[in-house]
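Colleague: I have a model open and some questions about it. Can you walk me through it?

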Amino acid sequence: MTEASTSKTREPRRVIIVLPTYNEEGGLGRLLDRIDEAMFDAGQRYEVIVVDDGSTDTTRSIAETYAKKYPISLEHHAQNQGLGATIRDGIIAAAKKAGDRDIIVTMDA
């Protein structure tokens with residue numbers, strides 16, 4: 001290693017999880033708890049971007065409540081646009097937040 005490479009300060013990686021949702025009130029809270037637990041156990045910094053695709057249940061308010069205790073941001077479609085558009089919008093939001101070393105992951109709620 002050169003002196004320049006050893007003196008370089010690197011930011012720790014962060015995992016940004018894009019989570020498209022539609023009417024997920026029954027399981028969203030439990031899923032967000034499990035994501036937090038897994039990231040904590042791994043010692044991993046993270047953020048979840050919940051993309052609510054026009055849910056007609058309490059999915060959005062559940063995400064807003066969990067955002068008060070976990071690193072969660074919320075994107076919202078006023079009406080359902082489908083999974084492809086929801087993932088696209090989540091990836092765009094994640095790319096705007098991501099640093100050079102961050103990892104973007106998509107999953108389905």
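This is a predicted model: local features need pLDDT of at least 70, side-chain atom pairs count only at pLDDT 80 or more; totals for chains, interfaces and linings use all residues.

Colleague: Which side chain of opposite charge is nearest to Asp-52, and how far away is it?

Modeller: That is Arg-60, at 5.4 Å. Asp-52 is buried and has no salt bridge. Buried means under 20% relative accessible area, exposed over 50%, partly exposed in between (1.4 Å probe, protein chains only). A salt bridge needs a side-chain nitrogen of Lys or Arg within 4 Å of a carboxyl oxygen of Asp or Glu. For charge, Lys and Arg count as positive, Asp and Glu as negative; His and the chain ends are not counted.

Colleague: What does Asp-52 touch?

Modeller: Beyond its neighbours within four places in sequence, Asp-52 contacts Thr-21, Thr-59, Arg-60, Leu-74, Glu-75, His-76 and His-77. Contact means heavy atoms within 4.5 Å. The Asp-52 side chain also has a polar contact of 2.4 Å with the side chain of Ser-55. A polar contact is a pair of N or O atoms within 3.5 Å; within protein, one must be able to donate a hydrogen and the other to accept it, and residues adjacent in sequence count only if both atoms are side-chain atoms.

Colleague: Ser-55, then. Buried or exposed?

Modeller: Buried, because its relative accessibility is 14%. Ser-55 sits in the loop between β2 and α3.

Colleague: Which backbone atom does the Ser-55 side chain reach?

Modeller: The backbone nitrogen of Asn-23, at 2.7 Å. Not counting residues up to four places away in sequence, Ser-55 touches Thr-21, Tyr-22 and Asn-23. Thr-21 is 34 residues from Ser-55 in sequence, but the C-alpha to C-alpha distance is 7.6 Å.

Colleague: What about phi at Asn-23?

Modeller: Near 50°, a positive value in a residue other than glycine. Asn-23 lies in the loop between β1 (14–21) and α2 (28–41). Its relative accessible area is 30%, so Asn-23 is partly exposed.

Colleague: New topic. Which residues of α3 are buried?

Modeller: Thr-59, Ile-62, Ala-63 and Tyr-66, in a helix spanning residues 59–66. Down the axis of α3, the buried residues fall within an arc of 100°, so they line one face of the helix. That arc is taken from the directions from the helix axis to the C-beta atoms.

Colleague: What covers them?

Modeller: The cover includes β1, α2, β2 and β3 (72–77).

Colleague: How many aromatic pairs?

Modeller: One. Tyr-66 and Tyr-70 form a tilted pair, 6.0 Å centre to centre with 40° between the planes. Rings of Phe, Tyr and Trp (its six-membered ring) pair if their centres lie within 6.5 Å; planes under 30 degrees apart count as stacked, over 60 as edge-to-face and the rest as tilted. Tyr-66 counts as buried because its relative accessibility is 18%. Tyr-70 is buried too, at 14%.

Colleague: And the overall layout: what is the order of elements?

Modeller: From the N terminus, α-β-α-β-α-β-α-β. That comes to four helices and four strands. Of the 109 residues, 35% count as buried.

Terms used. Residues are numbered from 1 along each chain as its sequence is written. Side-chain values use heavy atoms; hydrogens and water are left out. Helices (H or I, at least four residues) and strands (E, at least two) are DSSP runs, numbered from the N terminus.
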